[in-house]
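Biologist: I would like to walk through this model one question at a time. Please put the sequence and the structure on screen.

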Amino acid sequence: MAIRATTPKLLRHLSSAASSPSTATISPHTFSHPTPSSPSPIIDLSDPQSLFSSIPTPHLLRAVAVLNAVSVDPIVDLGTWIMRSRLMESPLTRDVILGAVRRTVYEQFVAGRDVAETGRTMERIAESGLRGMLVYGAEHADENEGCERNWRKFMDTIEAAGRFPRGSVSFVILKVSAIVPIGLLRRVSDLLRWERKDPSISLPWKGNTLPIFVDSSPLYHTLQRPDPLTPQEERDLELGHQRMLKLCKRSAELNVPLTIDAEETTVEPAINYLTYSSILMSGEGGNRTEPMLYGTIQAYLKDSMERLVLTSKAAEKMGVPIGFKLVRGAYMSFERKLAASLGFDSPVHDNIYGTHDSYNRCASYMIDKVADRSGAIILATHNVESGRLAAEKARDLGLGKDNERLEFAQLYGMSEALSYSLKNAGFLVSKYLTFGPVEEVIPYLLRRAEENRGILSSSFLDRELMRKELTRRVKAWFVH
């Protein structure tokens, strides 16, 4: 059922890529350590006044209060329990709870109720030299009706991005589970994993794609041969793929790149299949040299570097522009529990140092690709050391804000010091601007609270620098 029209040249490249070894040859890509003669540190966190000069005092006060609160696990646990309790079923208590959420975590981490309100937030951060990634906070739709509704919202977001001042919107973010039923993504992922184990299986719906697996990729989710997709499931998959292709087409027309978020490994094979298939179909027959559709690599997965190299080399061989967003990953607890329940090792690195090393190696590899114009990368990180290493290498290669193939990114309301220091160092920096009514964004906020505990609890640097700046402003107020 998938669209298969492909040029002969593209088919030859696909055949060549498919016949290549499943494991990529990975040359060591590491950041060089600074020598005594190296330039001064590229990330300067020594001057809170300069870093936070564009942030109003009320916003700084709220940020310190909220970041302090969410850094405490019992408070996060209590808030999560309240939001999922029967208290939300009573109109009176529900209104009180939503009001409290709106004035605290919602205003801190969500950019606005709708595109118009988010636009005002974007104008504010644009004045300080940052860009915005527009994120309609929808995910995990169960049926086509919800997928179609979400698709219209994403299309409206792309249209709005095209109306904002040029360059103020860096990307529109899409979660595939919002436009393709989550159960279908699990089914497709099972079949793709089984095909990896047994290539003789027939997948009549499968179109051309880039490499999805390497030898070290986790396949334990699928322990027995899945049933084929039913005719209805094939039609639903084609509907979902068409939704994605229409979003890709419109984003390319408006010159607003689209980035596909990563999700759990239970559905990630299907997401990568649809992403890479759409990249091939969108890039076919065109003259565009800049990538307009980005996939996401989660560096906490043990196979991430290998997959990144294999996929990027396959795309380069085909002459298809491709970009990636590099993240550490947000589903660590889920992944470890699932693997343990099935009696398998976790697909996630055994410790944080393994994840840091994986992230930095992937970043170094892709910065080299940016330098030779064979790739593009969004370095989404809240880790100051990773930001420093990447920025130093980019500076050494002569990369800066005039190169839109390299972008740093952080979540709105978090890691402000890192965002502004990277901007001050001369790089393009975006904030991840999630938007939507508070009642619709609650599931998103709950998932982010659970998945980002490590980031939330390690926000000490931002809180400390903000406190210093607030103290300076209070003293200055009394002096004058």
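Biologist: In what kind of crossing does α13 pass α14, left-handed or right-handed?

Modeller: This is a predicted model, where local features need pLDDT of at least 70, side-chain atom pairs count only at pLDDT 80 or more, and totals for chains, interfaces and linings use all residues. Residues are numbered from 1 along each chain as its sequence is written, and side-chain values use heavy atoms, with hydrogens and water left out. Helices (H or I, at least four residues) and strands (E, at least two) are DSSP runs, numbered from the N terminus, and a crossing is left-handed if the near helix is turned anticlockwise from the far one by less than a right angle, right-handed if clockwise. The crossing of α13 past α14 is right-handed.

Biologist: How does α13 lie to α14, roughly parallel or roughly perpendicular?

Modeller: Axes are lines fitted to C-alpha atoms, for helices over the stretch in contact, and angles run from 0 to 180 degrees between N-to-C directions. The axes of α13 (residues 352–371) and α14 (residues 384–396) come within 10 Å and cross at roughly 20°. Angles under 35 degrees count as roughly parallel, over 145 as roughly antiparallel, 65 to 115 as roughly perpendicular and the rest as oblique, so α13 and α14 are roughly parallel.

Biologist: How many residues in the contact of α13 with α14 are nonpolar?

Modeller: Contact means heavy atoms within 4.5 Å. Tyr359, Asn360, Ser364, Ile367 and Asp368 of α13 meet Ser386, Leu389, Ala390, Lys393 and Ala394 of α14. Ala, Val, Leu, Ile, Met, Phe, Trp, Tyr, Cys and Pro count as nonpolar, Asp, Glu, Lys and Arg as charged, and the others, Gly among them, as polar. In this contact 3 residues are polar, 2 are charged, and the nonpolar ones number 5.

Biologist: Now to α15. How many of the 9 residues of α15 are buried?

Modeller: Buried means under 20% relative accessible area, exposed over 50%, partly exposed in between (1.4 Å probe, protein chains only). The buried residues in α15 are Glu416, Ala417, Leu418, Ser419, Tyr420, Ser421, Leu422 and Lys423. The helix, residues 416–424, is largely enclosed by the rest of the structure, because its buried residues number 8.

Biologist: Which strands are included in what covers the buried residues of α15?

Modeller: Helices take part in the cover, including α2 (48–51), α14 and α18 (460–479). The strands included are β7 (406–411) and β8 (429–435).

Biologist: Is serine 415 buried or exposed?

Modeller: Serine 415 lies in the loop between β7 and α15. Its phi is positive, about 50°, although it is not a glycine. With a relative accessible area of 13%, serine 415 is buried.

Biologist: Where is histidine 140?

Modeller: Most residues other than glycine have a negative phi. Histidine 140 has a positive one, near 55°. It is partly exposed, because its relative accessible area is 23%. Its place is in the loop between β1 (131–136) and α7 (144–163).

Biologist: What distance separates the C-alpha atoms of lysine 302 and serine 358?

Modeller: Lysine 302 sits in the loop between β4 (293–298) and α11 (304–318). Beyond its neighbours within four places in sequence, it is in contact with Ser346, Pro347, Val348, His349 and Asp350. Lysine 302 and serine 358 are 56 residues apart along the chain, but their C-alpha atoms are separated by 8.0 Å.

Biologist: At what angle do α3 and α18 pack?

Modeller: Two packed helices are described by the angle between their axes and the distance between the axes. Here the crossing of α3 (residues 57–70) and α18 is left-handed. Their axes are 10 Å apart, and the angle is about 145°.

Biologist: How does α3 lie to α5, roughly parallel or roughly perpendicular?

Modeller: The axes of α3 and α5 (residues 91–109) come within 10 Å and cross at roughly 100°. That makes the two helices roughly perpendicular.

Biologist: How many disulfides are counted?

Modeller: A disulfide is a pair of cysteine sulfur atoms within 2.5 Å. Cysteine 248 is buried at 5% relative accessible area, and cysteine 362 is buried at 0%. By the distance rule, the disulfide count is 0.

Biologist: What share of the 480 residues in the protein is buried?

Modeller: The protein has 18 helices and 8 strands. Buried residues make up 56%.
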